[in-house]
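Subject: Structure handover

Hello,

The structure you asked about is below, followed by notes on what turned up in it. Please read the notes with the structure open.

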Amino acid sequence: MQLEFNANKRDGQGTGASRRLRRTGRVPGIIYGGSAKPQQIDIDHNELFQLLRKEAFYSSVLNANVEGAKEMCLLRDVQRHPYRPVILHVDFQRVDATHKIHQKVPLHFINADIAPGVKLGGGMVSHVMNDVDVKCLPGDLPAFIEVDLKDLASGNSIHVSQLVLPKGVEVAHHGEGDPVVATIMMKGGSAVEEAEAAPVVVAPAAAAPAKKAERVDKR
């Protein structure tokens, strides 16, 4: 999936220049990477704010239309105001259509309500992972990956190796093992079982105070 945004080139740098730019309703940013030099840009705040409300904007290949010249890129960083709905700065990284990229893709869980562990066992789905790091060509990058829970029973889990990936997409492993993506747990089951299985410890009775030795009066 590809999304497009419009941007202008900018020359001014530094805190003062960025502050003046924001007063005009523009957001400073940068496009870097690849064989070209980093390009300072600015984007309309309202346009960018609405794009950032879309989940796909964070995991899709984007088309940056910089004064008529288009470049493919990925969103890499967003700086926001600590409490106001204001975007302060954005970073984009150029991508090459012929080179594979690494990108986090969100997971969409479906059919949780008909999973045997939920419908029959009264369990609850626990999402251990909400996204996964994939490796693929820019043109193959999916906006999300579906995780079907329809066959998941109580106590069972879905692992990364069981994900159904689109053609040309592979999981980028950063360690050993096969991480759990989702599992079904009984509501409060483990805590109740532990409480029932725990041995009852009876505190020993306090020892009775020793009687004082009777005084023997020897005369």
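**Aromatic cluster**

Phe 5, Phe 57 and Phe 92 are linked into a cluster by ring pairs. Rings of Phe, Tyr and Trp (its six-membered ring) pair here if their centres lie within 6.5 Å; planes under 30 degrees apart are called stacked, over 60 edge-to-face, and the rest tilted.

Before the details, the basis of the notes: this is a predicted model, in which local features need pLDDT of at least 70 and side-chain atom pairs count only at pLDDT 80 or more, while totals for chains, interfaces and linings use all residues. Residues are numbered from 1 along each chain as its sequence is written, and side-chain values use heavy atoms, with hydrogens and water left out.

Searching the whole structure gives two aromatic pairs. Phe 5 and Phe 57 make an edge-to-face pair, 6.4 Å centre to centre with 75 degrees between the planes. This pair links distant parts of the chain, with Phe 5 in strand β1 and Phe 57 in helix α3, 52 residues apart. Helices (H or I, at least four residues) and strands (E, at least two) are DSSP runs, numbered from the N terminus. Phe 5 has a relative accessibility of 0% and counts as buried; Phe 57 is also at 0% and buried. Buried means under 20% relative accessible area, exposed over 50%, and partly exposed in between (1.4 Å probe, protein chains only).

Phe 5 and Phe 92 form a stacked pair, at 4.6 Å centre to centre and 20 degrees between the planes. Phe 5 lies in strand β1 and Phe 92 in strand β6, so the pair ties together parts that are 87 residues apart in sequence. Phe 92 is buried, at 0% relative accessibility.

**Ser 60**

Ser 60 sits in the loop between α3 (56–59) and β4 (61–66). With 1% relative accessibility, Ser 60 counts as buried. A polar atom of the Ser 60 side chain lies 2.6 Å from the backbone oxygen of Ala 56. For reference, a polar contact is a pair of N or O atoms within 3.5 Å; within protein, one must be able to donate a hydrogen and the other to accept it, and residues adjacent in sequence count only if both atoms are side-chain atoms.

**Salt bridges**

Side chains of opposite charge can pair when their charged atoms come close. The rule used for a salt bridge is a side-chain nitrogen of Lys or Arg within 4 Å of a carboxyl oxygen of Asp or Glu. The count by this rule is five salt bridges; some of them are described here.

Glu 4 and Lys 70 meet through their side chains in a salt bridge, at 3.3 Å from N to O. The pair links distant parts of the chain, Glu 4 being in strand β1 (residues 2–9) and Lys 70 in strand β5 (residues 69–80), 66 residues apart. Glu 4 is partly exposed, with a relative accessible area of 36%, and Lys 70 is exposed at 54%.

Lys 100 forms a salt bridge with Glu 170, with the closest N and O atoms 3.3 Å apart. This one also links distant parts of the chain: Lys 100 is in the loop between β6 (87–94) and β7, and Glu 170 is in strand β12, 70 residues apart. Lys 100 is partly exposed at 46% relative accessibility, and Glu 170 is partly exposed at 38%.

Lys 150 pairs with Asp 151 in a salt bridge, the closest N and O atoms being 3.1 Å apart. Lys 150 counts as partly exposed, at 38% relative accessibility, whereas Asp 151 counts as exposed, at 61%.

**Open sheet**

Four strands form an open sheet in the order β10-β7-β9-β12, with mixed pairing. β10 (145–148) and β12 (170–171) stand at the edges with a single partner strand each, so one side of each has no neighbour in the sheet. Two strands pair if DSSP finds at least two bridges between them. Strand β7 (residues 101–110) runs parallel to β10 and is joined to β10 by four bridges. Ile 110 has Asp 148 in β10 as its bridge partner.

**Positive phi**

Glu 67 is not a glycine, yet has a positive phi of about 50 degrees. Glu 67 is in the loop between β4 and β5, and is exposed with a relative accessible area of 51%. Asn 111, also not a glycine, has a positive phi of about 60 degrees. Asn 111 is in the loop between β7 and α4 (116–119) and counts as partly exposed at 29% relative accessibility.

Regards
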